[in-house]
Amino acid sequence: MKDLFKKVYTASFISSMMFLIFGILLIIQTESVIKTISLFIGTILLVIGIFPIVNYFRNRMHNLLSNAGLLYGIFSVVAGIIIIINSNLLATIIPVLTGVWMIVNSVNKIQLSMQLRDNNIGSWIISFIFAIIILICGSFLIINPLRVAFSISKMVGIIITIYALLDILDTIYIKIKSKEIKDQIIEVEINESRNSKKTSKEI
């Protein structure tokens with residue numbers, strides 16, 4: 001039981017320290033971390049894509065399904081190369097897609113607010129203002145996706161760092177408390193042993 005707890009404590013502490021280091025790096029070196037992650041993902045896609053391509057040339061005469069594998073392999077290799085060459089690509093995709101969705105949504109809100117105005121509903125101006133704000137925010141995401149991505153990454157880094165610190169403190173606290181409980185159990189066992197010996201002598 002003691003060895004099991006020690007292993008769990010060690011694993012928890014090491015993983016928390018890794019998260020802490022990653023969170024700090026994400027805050028301090030946001031661009032470098034994003035580029036490293038993109039390079040890692042691009043390399044994986046490149047390696048994954050090579051296997052079906054090689055398999056196609058080996059088994060093209062015996063396996064009809066290898067054609068589908070060839071297309072998958074080519075797509076994976078091309079995607080991997082693009083991500084490796086343009087390491088900031090992944091960081092820009094999510095903000096751009098989010099910005100497009102916000103703009104489409106804001107246009108619908110503007111149309112709705114105009115319909116409310118046409119029907120002499122006074123609250124149309126509130127809906128219109130909110131729609132304009134959403135439109136501006138969406139446009140900003142599309143115009144400056146990389147800056148937004150770095151800002152979001154810094155926020156994620158802060159959250160990861162806080163989580164790691166709390167987890168480390170919690171792990172240390174649990175270890176201290178478990179030691180106290182263990183000492184109490186040992187003390188109780190010693191007292192029980194003494195009482196048992198005392199009782200046996202009296203008998």
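**Buried and exposed positions**

Modeller: Start with Ser 113, which is buried at a relative accessible area of 0%. Buried means under 20% relative accessible area, exposed means over 50%, and partly exposed is in between, with a 1.4 Å probe and protein chains only. Ser 113 sits in helix α4, residues 89-118. A helix here is a DSSP run of H or I with at least four residues, a strand is a run of E with at least two, and both are numbered from the N terminus. Leaving aside neighbours within four places in sequence, Ser 113 is in contact with Trp 124, Ser 127 and Phe 128. Contact means heavy atoms within 4.5 Å.

Some ground rules. This is a predicted model, in which local features need pLDDT of at least 70, side-chain atom pairs count only at pLDDT 80 or more, and totals for chains, interfaces and linings use all residues. Residues are numbered from 1 along each chain as its sequence is written, and side-chain values use heavy atoms, with hydrogens and water left out.

The protein chain has six helices and zero strands. Along the sequence the pattern reads α-α-α-α-α-α. Of the 203 residues in the protein chain, 22% are buried. Among contacts with a separation of 6 or more, 76% join residues 24 or more positions apart. The protein chain exposes about 14,700 Å², and carbon and sulfur atoms supply 72% of that. Accessible areas come from the Shrake-Rupley method with a 1.4 Å probe, and for residues only the protein chains shown count as cover.

Now helix α2. It covers residues 30-59 and has 30 residues. From its first C-alpha to its last it reaches 44 Å, close to the 44 Å expected at 1.5 Å a residue. That expected span is 1.5 Å times one less than the number of residues. Within the protein chain, α2 has the highest mean pLDDT, 83, while helix α6, residues 145-202, has the lowest, 69. pLDDT is the predictor's confidence in each residue, from 0 to 100. The protein chain as a whole averages 75, and 74% of the residues score at least 70. Where pLDDT is low, the predicted coordinates should not be read in detail.

The buried residues of α2 are Thr 30, Val 33, Ile 34, Ser 38, Gly 42, Gly 49, Pro 52 and Tyr 56. An α-helix has 3.6 residues a turn, so residues three or four places apart point the same way.

Take Ser 38, in α2. With 1% relative accessibility, Ser 38 counts as buried. Beyond its neighbours within four places in sequence, Ser 38 is in contact with Ile 83, Ser 87 and Leu 90.

Leu 45 also lies in α2. Its relative accessibility is 26%, so Leu 45 counts as partly exposed. Leu 45 touches Ser 76, Val 77, Ala 79, Gly 80 and Ile 83, not counting residues up to four places away in sequence. The C-alpha atoms of Leu 45 and Ala 79 are 7.0 Å apart, across 34 residues of chain.

Val 54 is another α2 residue. Val 54 is partly exposed at 36%. Its C-alpha is separated from that of Gly 73, 19 residues apart along the chain, by 8.9 Å.

The surface of α2 matters for the next feature. A nonpolar patch consists of Phe 22, Ile 37, Phe 40, Ile 41, Ile 44, Ile 48 and Tyr 72, with about 610 Å² of accessible area together. The largest share, five residues, comes from α2. Patches are made of residues with over 30% relative accessible area and no salt bridge; like charges are joined within 9 Å, and nonpolar side chains (Val, Leu, Ile, Met, Phe, Trp, Tyr) within 5 Å. A salt bridge is a side-chain nitrogen of Lys or Arg within 4 Å of a carboxyl oxygen of Asp or Glu.

Phe 22 of that patch belongs to helix α1, residues 2-28. Phe 22 is partly exposed at 33%. Elsewhere in α1 is Leu 20, buried at 12%. Leu 20 touches Thr 161, Ala 164, Leu 165 and Ile 168, again not counting residues up to four places away. The C-alpha atoms of Leu 20 and Thr 161 are separated by 4.9 Å, although the two are 141 residues apart along the chain.
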